[in-house]
Amino acid sequence: VVVACIPAAVLGILFDDWMEAHFHNYIVVSIMLVVYGILFILVENWNKKNKPTVTKLSDLTYKTALLIGAFQVLSLIPGTSRSGATIIGALLLGVSRYVAAEFTFFLAIPVMFGASGLKLLKFFMEGAGMSGMEIAMLGVGCAVAFVVSVIAIKFLMGYIKKNDFKMFGYYRIILGVLVLLYFLFTFRIKRKIIGYF
């Protein structure tokens, strides 16, 4: 897990601000939702013809973990999905679907803590402070997010035992198209309203 976190940690620290300035918009998010939806479907079709070489978590080598971590770097682009990038990468590297999902969830823990810590550090370095109420709200939000995540992971691991990831691929494609249409429609209405004045 530590080895797999290295690529995203290094590049995340170096390029976080640049990525936020250039890629945080609805067009990039929509495109990445659709692209990774298509990739899920293509990789699952390709995976049917290939037998996984890693079928247990203990079979993962440091090299494979580092390569999965390299795929995780792609999630720095908004709309990519950190778990989606790592699962696709793991499947391409010959890891079974179940182990890929399991390792991805273990990988999420330090990544989410690191990303949240980096944002908080930047927040405080900019001179902003937090009241006691805001700290309490942040704590409650983290606790609720953790509980919901555990429930979602339990459901997903059960689902993966019997199904593939194609459903997530179709879901991402539909969501990407809807996000793009929503913002295009919203901007068109705003332009018409501004045009009347």
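Reader: Before we start, what does contact mean here?

Author: Contact means heavy atoms within 4.5 Å. This is a predicted model, where local features need pLDDT of at least 70, side-chain atom pairs count only at pLDDT 80 or more, and totals for chains, interfaces and linings use all residues. Residues are numbered from 1 along each chain as its sequence is written, and side-chain values use heavy atoms, with hydrogens and water left out.

Reader: Thanks! Which residues is Ser96 in contact with, leaving aside its neighbours within four places in sequence?

Author: Those are Pro52, Val54, Thr55 and Leu91.

Reader: And where is Ser96?

Author: Ser96 sits in the loop between helix H4 (82-92) and H5. Helices here are DSSP runs of H or I with at least four residues, numbered from the N terminus.

Reader: Is Ser96 buried or exposed?

Author: Ser96 counts as buried because its relative accessibility is 12%. The cut-offs are under 20% relative accessible area for buried, over 50% for exposed, and partly exposed in between, with a 1.4 Å probe and protein chains only.

Reader: How far apart are Ser96 and Leu57?

Author: They are 39 residues apart in sequence, and 9.5 Å apart in space from C-alpha to C-alpha.

Reader: New topic: how many salt bridges does the structure hold?

Author: One, meaning a side-chain nitrogen of Lys or Arg within 4 Å of a carboxyl oxygen of Asp or Glu. Glu44 pairs with Arg97, and their closest N and O atoms are 3.0 Å apart. The pair links distant parts of the chain, with Glu44 in helix H2 (residues 26-47) and Arg97 in helix H5 (residues 97-125), 53 residues apart.

Reader: How do Glu44 and Arg97 count for accessibility?

Author: Glu44 is at 1% relative accessibility, so Glu44 counts as buried. Arg97 is at 25%, so Arg97 counts as partly exposed.

Reader: What span does H2 reach?

Author: From first C-alpha to last, the 22 residues of H2 reach 31 Å, close to the 32 Å expected at 1.5 Å a residue. That expected span is 1.5 Å times one less than the number of residues.

Reader: Which residues make the nonpolar surface patch?

Author: Ile27, Ile31, Val35, Ile38, Leu39, Leu42, Leu180 and Leu184 make a patch of about 620 Å². Patch residues have over 30% relative accessible area and no salt bridge, and nonpolar side chains (Val, Leu, Ile, Met, Phe, Trp, Tyr) are joined within 5 Å, like charges within 9 Å.

Reader: Which element gives the largest share?

Author: H2, with six residues.

Note on methods: Helices (H or I, at least four residues) and strands (E, at least two) are DSSP runs, numbered from the N terminus. Accessible areas come from the Shrake-Rupley method with a 1.4 Å probe; for residues, only the protein chains shown count as cover.
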